[in-house]
Amino acid sequence: MIASHKLRKRDFYLNKLIAFQDKEPVKVVTGIRRCGKSSLLKLMAAHLTATGIAAEQIIEMNFESFAFKKMSAEDLYYYVKERILPNRRMYLFFDEIQRVPSWEDTVNSFRVDFDCDIYITGSNAYLLSSEYATYLSGRCVEIKMLPLSFREFLEFNDFVIETAESALGGVRTFVCDAKGERYTLREAFDAYMRFGGMPGIADVGLDQDKALTLLDGIYSTVVLQDILEREKRRGQCKVTDAALLQKIILFLADNIGNTVSVSSIGKTLVHEGLLAQEKRSGTPSVHTVQSYIHALSESYLFYEIKRFDIKGKEFLRTKGKYYIVDIGLRNYLLGMRNRDSGHAIENVVYLELLRRGYDVAIGKIGEAEVDFIATNAEEKLYIQVTESMDSEAVRERELAPLTKIPDNYEKIVLSLHPGMDACYDGIKSRNLMDWLLER
């Protein structure tokens, strides 16, 4: 596949920005590095130009550029002020603005002093910490950006989805690449599960060595710049041991979808000599492990999901789970081989639910567990994820927790092999790939 650096559409996120165009809130795009935030700002700027906004009304600054690297908050203010056009609305785009110390003061000043519409990005949740909320409480809207969905992965890699009648009278879905080569949908999905959804993969092509080089660069930047260097800038110095950080990352990546606790991670690290026990209690330092995991969550590398007691209707404090932001990054960390594929597809479903705007929890019903409870303002879904529903034993295992839930909200089992039946006593059995391709 020929490498390309063209600006590719991310309409799902662009439409969110357009919906808030020329409204008061500062638009804050957050997400892990290289997930497409900079490109989204460029897409928004291009949209403004296409709708009649003059180029002089748009100011774009990327603070990872050497030109702005040493800029202070005061420098930023006067740089923008000099370019403000009188009696014209200005559009300000600030990429990776967290690299400017005390940037909050300056952004707030722009909002107060000028007629402007402001868009900013950041690769760390610290961007929207309590300090920032103090300045712009109720005056900012967060757009949470994730790597490519399965549908976006196909579009970025120039795959076209086509359908044809199957021999049994149903509809068969397949994909064609730019050269006209035809692949099954499962082959395309397996490529997604191998390479993941980082947009840069489309530039280097579906080549394993090039993909690993790209993912190595992303991972190194997240660890070095967004965690270790940021801790130094903040003066916190809670996360300083690169070897310990790497071990915790590998532990979480290897245990996606498993119930884990901070203490269990700590005991593993003590056993491997990477973490000392507290002298008084003789147990690992929970606070140390918690600080490192918090830093990984702030950098959007991992997401924590809480457990919810369906009968008791309350969140539980223990035995949460972690999922990684991109399955390709997990493969880079642990090796490009088919490992723990059940939890890997769970990870993909979790991220897709976040994309679709759901709040997600693990469901506990007695001693049984439901993979996901997904809720938004309009609906609630109970979802089980499994590789196949062909086996009767698997069907019983996956359906049992759902049958115990007393309410009438929609219940779904997502799998790569849904079996012959589309429904089991009101519980839907759906093809995971078809579900992922829904708009």
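Q: What does the secondary structure of the protein come to in this predicted model?
A: The secondary structure comes to 16 helices and 16 strands.

Q: What makes the protein as compact as a globular protein of that length?
A: Its radius of gyration is 23 Å. The globule rule gives 22 Å for 439 residues. The two values are close, so the protein is as compact as a globular protein of that length. Its C-alpha atoms fill a box of roughly 70 × 65 × 45 Å along the principal axes.

Q: How many of the 439 residues count as buried?
A: The share is 50%. To count, a residue must have under 20% relative accessible area.

Q: Why is Glu392 called exposed?
A: The cut-off for exposed is over 50% relative accessible area. Glu392 has 52%, so Glu392 is exposed. Its place is in helix H15, residues 392-403. Gly419 is 27 residues away in sequence and 9.9 Å away in space, C-alpha to C-alpha.

Q: Why is the pair Glu24 and Arg111 called a salt bridge?
A: The rule asks for a side-chain nitrogen of Lys or Arg within 4 Å of a carboxyl oxygen of Asp or Glu. Here the closest N and O atoms are 3.5 Å apart, so the pair qualifies. By this rule the count comes to 22 salt bridges.

Q: What makes Glu24 and Arg111 a tie between parts of the chain?
A: Glu24 lies in the loop between helix H1 (11-19) and strand S1 (26-30). Arg111 lies in helix H4, residues 103-113. The parts are 87 residues apart in sequence, so the pair ties them together.

Q: Where does the salt bridge of Glu24 and Arg139 link the chain?
A: The side chains of Glu24 and Arg139 meet at 3.5 Å, N to O. Glu24 is in the loop between H1 and S1, and Arg139 is in the loop between helix H5 (130-136) and strand S5 (140-144), 115 residues apart. Arg139 has a relative accessible area of 32%, between the limits, so Arg139 is partly exposed.

Q: What makes Arg186 and Asp190 a salt bridge?
A: Their N to O distance is 2.9 Å, within the 4 Å limit, so the pair counts. Both lie in helix H7 (residues 185-195), four residues apart, about one turn of the helix.

Q: Which residues are linked in a network of salt bridges?
A: Glu352, Arg355, Arg356, Arg430 and Glu438 are linked in this way.

Terms used:
Residues numbered from 1 in each chain as written. Predicted model: local features only at pLDDT ≥ 70, side-chain atom pairs only at ≥ 80, totals over all residues. Heavy atoms only, no water. Helix = DSSP H or I, 4+ residues; strand = E, 2+ residues; numbered from the N terminus. Rg over C-alpha atoms; globule rule 2.2 N^0.38 Å. Buried < 20%, exposed > 50% of the residue type's maximum accessible area, 1.4 Å probe, protein only.
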